[in-house]
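Let us walk through this structure chain by chain. Then we will look at where the chains meet, and at two residues in detail.

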Amino acid sequence: MIINVARKELKSLFASPMGWIILALLMLAFGSFYLQGVNNYFEVMSGSIRPAERVGVTIFVGQTVYGIASFLMLFAVPLLSMGLISGERKSQTLPFLFSAPISLTEIVVGKFLGLIIFLSILVGYILLMLSTLNIWSDIDFGYLLSNSLGLILLAASFAALGIYFSSLTSQPIVAAILSFIALFALMGLDKFFGSQPNHWFGYISLMKHFQSFSRGIIDSKDIIYFILFITTFLVLTVRRLDSDRLRG
Amino acid sequence: MTEATLNAFDLSRQFGSNYAVKDVSFHLNKGEVLGFLGPNGAGKSTTMRMLTGNLAPSQGSVKICGIDIIERPKEAKALIGYLPEIRPLYKEFTVNEFLSIAARFHKVKSSSVHRAVESAKDKCGLAHMSNRLIENLSNGYQQRVGIAQAIIHNPEIVILDEPTVGLDPIQIREIRKLIKDIGKRHSVILSTHILPEVEMVCDRVQIIDKGNLVFHGSIEDLKQHRLGNKLLIGFSKPPTLTKLKAIKGVETVERAEQGMFIIKFKDKYLPAEEIVYLAAKENWGLYHIAPHVTSLEDIFVQLTQVQTLDDQTNKVEKT
């Protein structure tokens, strides 16, 4: 059942120009940053003579692309997630889902999964693009995989939060703005406490947990953090939808 | 006794402190079309939403073929097809795409999805619209798509909330015919505020007013209420009331507006012939004679008044 909901959601995303435009724009952005990264690599590396100054091409280009990807997802995901529930509220199609033999959890998880599949197209695209470096050099695939995993977890957290805000309102654009603000705050929490790097407040920042992935480290602590973050917001969404049924 | 496919027990729903629906109990027999009649804001849609598990009742329960919709929602919902008042259509899809999604959501096996879609389209006359975007369909065809998604999984019960609202007269006629056809294979609950519609389509009728069930019975009972053995007669030179009362079978005579009379007669008598004969003989100047049809509003007034009278007598008896 979850798969059926996800399929429907994916179909919806591709049935609107929004999905295609976001996909195209992001790919254009990633592509140009990739190109710029490769160009810069030769400029910078030809200038650094001592071996200690030299960085591998994977890290040099990867850092640029994944850095910009995590930043762009901050804008893209709220735009994609905004309509997931509020759009259905607006066009009054929620009764269609509620009166089908599907549980609320299946609806929410299905919608979430649909969006994740959509986003993983982008992550897969980046991975494929960076792998082409392997044609003329020997790249570190472990680094790429760790970054991809980090990026998909980060995007999934954005999506979970976006779905929750989408369930709160019947205006998609309000949902997008709210989730963008919330994500922006969560991303930068550690910056507010820059002087105390180990303050617990910084610890709930999304970016802090993405950083270890971007260094090529897969830490179970960070994975658990992201999974908890996602579960929390999905559970909140289910509860919000359930209160629709209870309160009317 | 026939098998009941749906039972509602003391269904109540409160919004804040006021009741939208209060203590409504009824049942739906297999293979019948039940009309749910009431003015706007009477609680029809609220009841429908509770029957389909879209709204939790404050009190009471709903059983679909013996399955409680609150305790085992998935099994119960699989037996219902529901078309809400505002049709829930994903307008970015084509008819085929939307109906396949509806079929999969309602647990139709993936091998028979195609067949289910085809047969639902056939029943609703949508076959030539298969690849059109729902957005581009006319109002009437969109309504057909709405009905098609409600019957796609061959449910035991089909619940339609005001299916003819906003359609033009020809479309209304077609949709009514469609509902009649559906009624042959499924049990149907149909809500409406149009009295003739109920008479045309339904086998049994329930009238709800301000959240209370005020009448339920067969369509014949309702017609009885509506026609009520009454004639509306107009004379240009009216006779005295006693002369009219003397006619065989006449029970009461009352004056209506514009010099007309309403004559109530006993069962099994039809004094029309006698009245026409007398009118011609005594030159009363008869210009109008027809069965007096009570409007829906009058029936509501009648029914609600009867109830308040009953309440009053109950109170008197208690004291």
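Helices here are DSSP runs of H or I with at least four residues, strands are runs of E with at least two, and both are numbered from the N terminus. By that rule chain A has twelve helices and zero strands. Its pattern along the sequence reads α-α-α-α-α-α-α-α-α-α-α-α.

A word on the source. This is a predicted model, where local features need pLDDT of at least 70, side-chain atom pairs count only at pLDDT 80 or more, and totals for chains, interfaces and linings use all residues. Residues are numbered from 1 along each chain as its sequence is written, chains are lettered from A and ligands numbered from 1 in the order in which they are written, and side-chain values use heavy atoms, leaving out hydrogens and water.

Start with the dimensions of chain A. The C-alpha trace spans about 70 × 40 × 30 Å along its principal axes. How does the radius of gyration of chain A agree with that of a compact globule? The radius is taken over C-alpha atoms, and the globule rule is 2.2 Å times the number of residues to the power 0.38. For 248 residues a compact globule would have a radius near 18 Å; chain A has 20 Å, which agrees.

Next, burial. A residue is buried under 20% relative accessible area, exposed over 50%, and partly exposed in between, with a 1.4 Å probe and protein chains only. In chain A, 52% of the 248 residues are buried. Contact means heavy atoms within 4.5 Å. Of the chain A contacts between residues at least 6 apart in sequence, 75% join residues at least 24 apart.

Now the surface of chain A. Accessible areas come from the Shrake-Rupley method with a 1.4 Å probe; for residues, only the protein chains shown count as cover. Chain A exposes about 11300 Å², and carbon and sulfur atoms supply 70% of that area.

Among chain B contacts with a separation of 6 or more, 67% link residues 24 or more positions apart. The accessible surface comes to about 15500 Å², with 51% belonging to carbon and sulfur atoms.

Where do the two chains meet? The size of an interface is often given as the accessible area lost when the parts come together. Here 28 residues of chain B are in contact with 26 residues of chain A. Buried area is the accessible area (1.4 Å probe) that two parts lose on being put together, summed over both. Between chain B and chain A it is about 2500 Å², and carbon and sulfur atoms give 64% of it. Asn54(B), Tyr90(B) and Phe105(B) supply 28% of the area that chain B buries against chain A, more than any other three residues.

His106(B) sits in the loop between helix 3 (95-105) and helix 4 (113-123) of chain B. Is His106(B) buried or exposed? It is buried, with a relative accessible area of 7%. Setting aside residues up to four places away in sequence, His106(B) touches Ser99(A), Ala100(A), Pro101(A), Ile80(B) and His153(B).

Finish with Pro271(B), in the loop between strand 13 (260-265) and helix 10 (272-282) of chain B. Pro271(B) is buried, at 3% relative accessible area. Beyond its neighbours within four places in sequence, its contacts include Leu231(B), Lys248(B) and Ile247(B). Pro271(B) and Ile247(B) are 24 residues apart in sequence and 7.4 Å apart in space, C-alpha to C-alpha.
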